[in-house]
Amino acid sequence: MSKSKVRGKRDFLGDIVPLLVGRNPVRVAPAHIMNGFAVSAIGTGKMSGPVRALVRRYENDDALTSVSGAIMGSQEKRRRFGEALRVVLDPDRRVFPHSGSFFPLHAGLIDENRGMDDGFGRDVWRLVATYSQEATSIVRNLLIPSDAADGLTALGVALGADDGAPPQRRTVDPWPWHERGGQSLAHRFGKALCGLVLNPITSNQAAIRSIRLAALSRAVGTAAFLGALRAPEFAANRARAWSDLSPLFAFGGVPPGAVRSLPIRLACRSFEAVVERQRDSLLALLTKRLSNARIPRQTPRSQHPTAIFAAAFPEVSKSLRGSAVDEVRWDADRDKLAANFLRKLYPPGYLAGAYRTIGRMIGLSGPERGAGAPRFVLETPVLALLVSASIDDEQPLPYRAWLDQVYDRFGIILGLGETLDAPTLLRPLGFGGSLLRALEENHETLRRRLVRCGLASEYSDGETEVHGPFVLGGAT
Amino acid sequence: MLLTEFRDFLGAFKNAESLSDQLREAIAVETGLEEAVRTAIGEGRCVVIAGSAGSGKTHLLRHVVRSLQDKYAVALPGDRPRVAHLLVVEDATELDANERLAVVDSVSRSRAGTLLAINEGPLLEAARAGPESALARSLRLLHGARRGIVSAFESDAPTVVDMGAFDALNQEVVTRILGLTLLREAVLQAPCDCDPEDCPRRRAWQQLESADVRARVGAVLGIVHVLEREWLFRDLWDFVADIALGGSCAESPPSSPWFWRTFYGDSRLATALRELVAPDDIALPQLDARIYYGDWGSELLGGLVPGVDLVRESQSGNVDGDFGPFRYMKAQVLFLHRDIDLAERATTIASGSFRSMLVQRRIGPVLRAVNEYFAFGLRTGSETVLDLFVEHGVERRTELIQGVIKLGDAAAADFELRKPQVIVNHPKNVTNEGTGALYLVHAPSNSSLRLDGERMRLLQRGRTLRIADREQLDLDWDLCQFFEGILRLKKWPSEFIVVKCDFGRLAGDERRYRASPHRAIVEEA
């Protein structure tokens, strides 16, 4: 049986739903999302090809004038240098012989975007550029350093700099949630995601640049994942509070967690509910489009499918629409037609599998494989990022107040906050009498973990204060 | 009257606020902090005593105030005496956040100093209300002190005493408390139906009249720190109350003697000791059989601490299957026999080589452990420098790592192994090490890494490649934070090293390169 041409195609709803899961979610690695982001923010660099040849094939390229002749002239030394560069520039192994994404050590290494990020990077840049006027200068200053304070930055400048004109940035469409105004949850969420990307670690000029770049890459991936989870719901309804959406509960312990523990079971239930609600939202959007599609009365019955799809999805290419018409089981009832179409677009299990895969790579869902049900988790670097993005001015926050802040900004429930009524919010998940125990267990597990990994301080009278990463350990 | 109040204190929730001055005087023992606080006050300082309820804040404060009463008048918040006075706030929790800030920030020409006791919760609240206030600075000092950091003296910030870090189980403190006359009287007059001359509780307490035995008990109590739980003065007093007045002489064997209750009593400390060093777990090859069969020969009795006698069970330990009498005798032999160092044995059993290395505060082996850990044990780690690594990987790892990147190093001379500090920002630079995990502190950058038992176990075990092994993730993260703090000062401006990992041959190949942005050149270093 041939592969469906429609499955995972973002074209049908991509104009109204940003960060929509695409056709190859397994390829959407954080490195590719970051590369897509950088392409949109700065443009493509000129050195990615020659450096890729060196890193993957140990080949010399005339453009690599900055590498000493002693290295490039010796096959053995070139191989050794190529291997070392791969550790620095391709830690996630996302640079392939003819394409791929480098660690963004310099703008010159930004590769052209070949769709490996399913447009996530571009969309995150759209969001950030819409909400922050300084985004361009922050990202440019980070990726095009004027001076080198450490050996790796010096490497980046030496490898990435070329004598050509600065890369050209493309103009981007404004982010759709921005127009909804301050009362809209989508607008506030967009702002929070922008803050997540331009987080205090990324913006901290005193910090080591490698740490800042890694934080930016991680943040771009995290923003893409969190935004993608909620985007269809925001497109389908005008939510004013997180309680209008499906509750997102994440396991607070070290992932993947014991399958039978209450917090894990609750996190699995939440994952299922969030994905299910996303499906419902997509169905609502498709139904609306198909129902609103008006065709001339005199259209012959045999041409109804083609005409309705043309009216509902005018921006989609004719051939793709044709594939949709061929693949979707026709039904005159537009509601049923939309349901049939959604089954082709995102077959049952497709979205859950996609979010599990993308989230696993970023560190927000798991387990990676096996029979365990997918769940929301927080890998330690992502947890640190969340802490960093939810603490203003590096002022420590009491643990419960921090939990409120995480919920307020990102809609993630992790425990029992001061004002956050987590038990009520999670009640729709149907966890019965165990709900409070699950929450309490997660609350305490996460608290201990934050302390253990240096993101919180615990006082002897039971007070716990959450503080940003790279603060206490930093030079004073 | 005093004895009755003391007995009531022992039998109730231990709260220093409820004690009469007379009783407080009678049971006060020097902790070593009093003199430091007095010196700071003598320099006109504001001293903030922080800690949780039961940690001994009020006790310390009142002890100091009493000793300075002849010199200064005592003023409470709101008072404005014209004579030289000491502003004392016994419990700042009773004030609201702004009042706390106002008290500490207020000035008076006739004030000799300020002494304020505050729980940590209210301190955090006040610091948040006034981010630039003296209390906020106290909190920052407290943060650093918790991580073993001793900063240079700041004349405009308070001196801070962190009772939360004070080791309430300090050997000298325990020895002094067990030697209190009032405590001895309480034991002698404890209600009991047995003959006062043959009462196991009273006879056993006579053993504690030996300072040597009391010191041995103090040393043994100290080993509970390996459990990494929090131990307060309240726990110590609960323990003292239990060994003095708990149990019954009518049981067989009697459960009232202090040595029995030390292991088998109801206090938290007794439970912890039982967990770590139950008498059954301590093998005494030369003596166990003698104790079991009641063979009190010269080898056993001659080895006792001078001046103390065993409290013998009339029914000796030769009853088949009944280990009660054996445990009864062995519990006291463990404390009273000169050749048995229970504290040392317990330490070895509980913590193995980890403690021996850290107790000696040897930086080299710790640096080597961290260096080897981060490079997956593929090369011998240096003991003279700490390698400072950065990680570029973002994606959750599913494959073997290719190598690690080194961006600087720091000399061993810049590191210290420190415990949390009890006294910080003292005008005479007085310091006092507290209890808790050790910290590896890089002094020039103040970056520090907690080294508790769990972390040392992970460091010694090594960084694993197994993707499913998640235990080490939090340590990896905190190590990166630690490195980053040092790198801000110690990064190489134009060099980097890649340690290429070859897991097949179990070797790490170090490749050093130099890069210059100005001449745009990369070459081998």
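A: A definition to begin with: a charged patch here is made of residues with over 30% relative accessible area and no salt bridge, with like charges joined within 9 Å. Keep in mind that the model is predicted.

Q: Fine. Which residues form the positive surface patch?

A: Arg260(A), Arg265(A), Arg269(A) and Arg437(A) form it.

Q: Where is Arg265(A) found?

A: Arg265(A) is in helix α11 of chain A, which covers residues 262-292.

Q: And what is the relative accessible area of Arg265(A)?

A: The value is 42%, so Arg265(A) counts as partly exposed.

Q: Switching to salt bridges. How many does the structure hold over all chains?

A: There are 57 salt bridges over all chains.

Q: Give me one in chain A. What does Arg447(A) form a salt bridge with?

A: Its partner is Glu444(A), and the closest N and O atoms are 2.8 Å apart.

Q: Is Arg447(A) buried or exposed?

A: Arg447(A) is buried, because its relative accessible area is 12% and the cut-off for buried is under 20%. Glu444(A) is partly exposed, at 26%.

Q: Now chain B. Which residue pairs with Asp280(B) in a salt bridge?

A: Arg327(B) does, with 2.8 Å between the closest N and O atoms. This pair links distant parts of the chain, as its residues are 47 residues apart. Asp280(B) sits in the loop between α14 (268-277) and α15 (288-293) of chain B, while Arg327(B) belongs to helix α17, residues 324-336.

Q: How accessible are Asp280(B) and Arg327(B)?

A: Asp280(B) has 40% relative accessibility and counts as partly exposed. Arg327(B) is partly exposed too, with a relative accessible area of 27%.

Q: What about Arg514(B), which residue does its side chain meet in a salt bridge?

A: Glu495(B), at 3.8 Å from N to O. That pair also links distant parts of the chain: Arg514(B) is in strand β13 (residues 507-516) of chain B and Glu495(B) in strand β12 (residues 495-502), 19 residues apart.

Q: Moving on to phi. What is the phi of Tyr58(A)?

A: It is positive, about 55 degrees, although Tyr58(A) is not a glycine. Tyr58(A) is in the loop between α2 (48-57) and α3 (69-72) of chain A. Its relative accessible area is 29%, so Tyr58(A) is partly exposed.

Q: And phi of Asp118(A), positive or negative?

A: Positive, near 55 degrees, again in a residue other than glycine. Asp118(A) is in the loop between α4 (75-89) and α5 (120-131) of chain A, and at 11% relative accessibility it counts as buried.

Q: Last topic, the build of chain B. How many helices and strands does it have?

A: Chain B has 21 helices and 14 strands. Its C-alpha atoms fill a box of roughly 95 × 75 × 35 Å along the principal axes.

Q: What share of chain B is buried?

A: Buried residues make up 58% of its 525 residues. Chain B exposes about 21200 Å², with carbon and sulfur atoms supplying 47% of that.

Q: How far apart are the mean positions of its positive and negative charges?

A: They are 5 Å apart, for 64 positive and 76 negative charges in chain B.

Methods:
Residues are numbered from 1 along each chain as its sequence is written. Chains are lettered from A and ligands numbered from 1 in the order in which they are written. This is a predicted model: local features need pLDDT of at least 70, side-chain atom pairs count only at pLDDT 80 or more; totals for chains, interfaces and linings use all residues. Side-chain values use heavy atoms; hydrogens and water are left out. Helices (H or I, at least four residues) and strands (E, at least two) are DSSP runs, numbered from the N terminus. Buried means under 20% relative accessible area, exposed over 50%, partly exposed in between (1.4 Å probe, protein chains only). Accessible areas come from the Shrake-Rupley method with a 1.4 Å probe; for residues, only the protein chains shown count as cover. Lys and Arg count as positive and Asp and Glu as negative; His and the chain ends are not counted. The place of a charge is taken as NZ of Lys, CZ of Arg, CG of Asp or CD of Glu. Patches are made of residues with over 30% relative accessible area and no salt bridge: like charges are joined within 9 Å, nonpolar side chains (Val, Leu, Ile, Met, Phe, Trp, Tyr) within 5 Å. A salt bridge is a side-chain nitrogen of Lys or Arg within 4 Å of a carboxyl oxygen of Asp or Glu.
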